[in-house]
Amino acid sequence: MTYQPKSEFLRVMMNRGFLADCTDYQGLDDALMAGAMPGYIGFDATAKSLHVGSLIQIMMLRWLQKTGGKPIVLMGGGTTKVGDPSFRADERPLLTPAQIDANIDGIKRVFTNYVQFGDDKTDAVMVNNAEWLDGLNYLEFLRDIGRHFSVNRMLSFESVKSRLDREQSLSFLEFNYMILQAYDFMELNRRYGCLLQMGGSDQWGNIVNGIDLTRRVLDTHVFGLTSPLLTTSDGKKMGKSADGAVWLNADMLSPYEFWQFWRNTTDADVGRFLKLYTELPLEECDRLGALAGSDINAAKIILANEVTTLAHGRAAAEAAEATAREVFENGGTGDDLPTLTLSAAELADGISIVQVLTRAGLAKSGKDAKRLIAENGARLNDAPLTDAALMIGASDLAQPIKLSAGRKRHALVVLAE
């Protein structure tokens with residue numbers, strides 16, 4: 001990339017590693033320099049929380065606002081009813097309107113920690129595309145909008161082509177998704193003056209469709225910008241851990257577990273993640289990322305603290321670090337560990353340690369818990385747990401017990417009061 005941007009936003013995108021491609025660097029740069037440029041990213045409501053895989057897009061909206069732009073958070077109340085087929089092997093399960101609304105309510109809580117909502121020129125707005133998609137007349141939509149789309153071209157997009165090349169079914173419902181997303185961009189331009197759509201690089205085809213449609217119908221020039229699809233240095237997809245999705249909502253993943261995810265970052269990823277997921281100066285990100293040996297652990301703690309502060313607040317980050325120090329350095333239990341509460345009724349006949357490990361989230365299943373014990377990966381109060389037939393009764397919980405899976409995952413088990 002040889003283009004040298006004038007706008008602060010594009011400089012941030014380039015220098016911090018957010019930028020994969022752009023449809024018109026010069027045009028976008030000029031529009032950004034004009035001030036308070038509206039830009040959007042869409043989020044389908046497939047779960048009650050977004051996960052870490054969406055955090056790069058959330059940070060892009062945050063930087064847009066911090067550099068003088070206006071973020072538009074588009075909730076896919078309408079498009080979630082279809083499901084984005086991009087780079088998926090199969091069709092997404094369809095959700096009911098009630099499920100989608102509940103998911104949107106959960107997702108909304110994430111954004112209040114990253115962008116400022118309000119009525120000022122650069123304040124963020126949250127919009128639901130069900131406002132215009134739910135009321136579409138099918139025949140009018142086909143006549144007025146569908147005629148602008150070439151099926152030949154749609155089939156050439158990599159997100160669709162890769163699915164068909166693998167001879168995996170692509171339903172007509174899913175095929176319509178890219179048309180609806182293009183329509184979103186046009187509507188956001190018409191209603192809010194939106195000039196920019198951002199997304200992961202897998203959205204490139206959908207974004208280009210929206211740009212073409214807006215030009216054809218409204219005679220307006222708009223722009224697209226994509227971020228790289230991130231994987232960790234060991235090839236894992238961002239947003240996933242050994243235990244499943246790394247959710248951004250505290251009611252789906254505790255701030256301590258969220259903090260631990262970042263603390264466990266691979267050495268090679270520290271500098272890159274500091275640039276993407278924190279607001280530390282670039283020079284400091286480079287310095288911390290270049291640390292080696294045991295010194296890199298201090299950088300990982302800074303990474304975990306900074307990311308957790310943005311997601312859950314400074315107090316949550318400090319509590320998570322304090323708990324980690326208590327658990328790992330002092331051999332204690334820590335007040336902020338994930339906790340499983342068992343009632344006296346549940347313990348009347350005792351409960352197997354296999355069940356406890358599973359319910360505490362340290363094992364995915366009873367089989368997984370037994371394997372963990374057999375491979376000497378489980379500990380009870382920091383002592384090796386070797387008996388998969390062990391039963392836990394109420395008397396065993398006179399004091400909380402600490403369970404561990406490996407060196408990094410822990411939980412408390414307590415008796416309900």
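## E321 in helix 16

E321 belongs to helix 16, which covers residues 314-328, where helices (H or I, at least four residues) and strands (E, at least two) are DSSP runs numbered from the N terminus. The residue counts as buried because its relative accessibility is 16%; buried means under 20% relative accessible area, exposed over 50% and partly exposed in between, with a 1.4 Å probe and protein chains only. With residues up to four places away in sequence set aside, E321 touches W259, I301 and N305, contact meaning heavy atoms within 4.5 Å.

This is a predicted model, in which local features need pLDDT of at least 70 and side-chain atom pairs count only at pLDDT 80 or more, while totals for chains, interfaces and linings use all residues. Residues are numbered from 1 along each chain as its sequence is written, and side-chain values use heavy atoms, with hydrogens and water left out.

Six strands make up an open sheet of mixed pairing, in the order 1-6-5-2-3-4. Strand 1 (21-22) and strand 4 (125-128) stand at the edges with a single partner strand each, so one side of each has no neighbour in the sheet. Two strands pair if DSSP finds at least two bridges between them.

Strand 2 (residues 38-44) has six of its seven residues buried, so it is largely enclosed by the rest of the structure. Strand 2 pairs with strand 3 in the parallel sense over seven bridges, and D44 stands opposite G76 in strand 3. Strand 5 and strand 6 also run parallel, joined by five bridges; M198 has L225 in strand 6 as its bridge partner.

Helix 11 (residues 204-218) contains 15 residues and reaches 21 Å from its first C-alpha to its last, close to the 21 Å expected at 1.5 Å a residue, the expected span being 1.5 Å times one less than the number of residues. Among its buried residues are G205, N206, I207 and V208, and the cover over the buried residues of helix 11 includes helix 7 (151-156), helix 10 (177-192), strand 5 (196-200) and strand 6 (223-227).

Helix 11 lies across strand 1, strand 5 and strand 6, running at about 170 degrees to strand 6; axes are lines fitted to C-alpha atoms, for helices over the stretch in contact, and angles run from 0 to 180 degrees between N-to-C directions. D219, which follows helix 11, has a positive phi near 55 degrees.

Just after helix 3, G68 takes a positive phi of about 100 degrees.

T67 is placed in the loop between helix 3 (55-66) and strand 3 (70-76). Leaving aside neighbours within four places in sequence, T67 is in contact with E8, F9 and V12. T67 and A36 are 31 residues apart in sequence, yet their C-alpha atoms are 8.8 Å apart in space.

## Helix 1 with helix 2

The axes of helix 1 (residues 8-15) and helix 2 (residues 25-33) come within 8 Å and cross at roughly 130 degrees. The two helices, helix 1 and helix 2, are therefore oblique to each other: angles under 35 degrees count as roughly parallel, over 145 as roughly antiparallel, 65 to 115 as roughly perpendicular and the rest as oblique. From helix 1, F9, L10 and M14 meet Y25, L28, D29 and L32 in helix 2.
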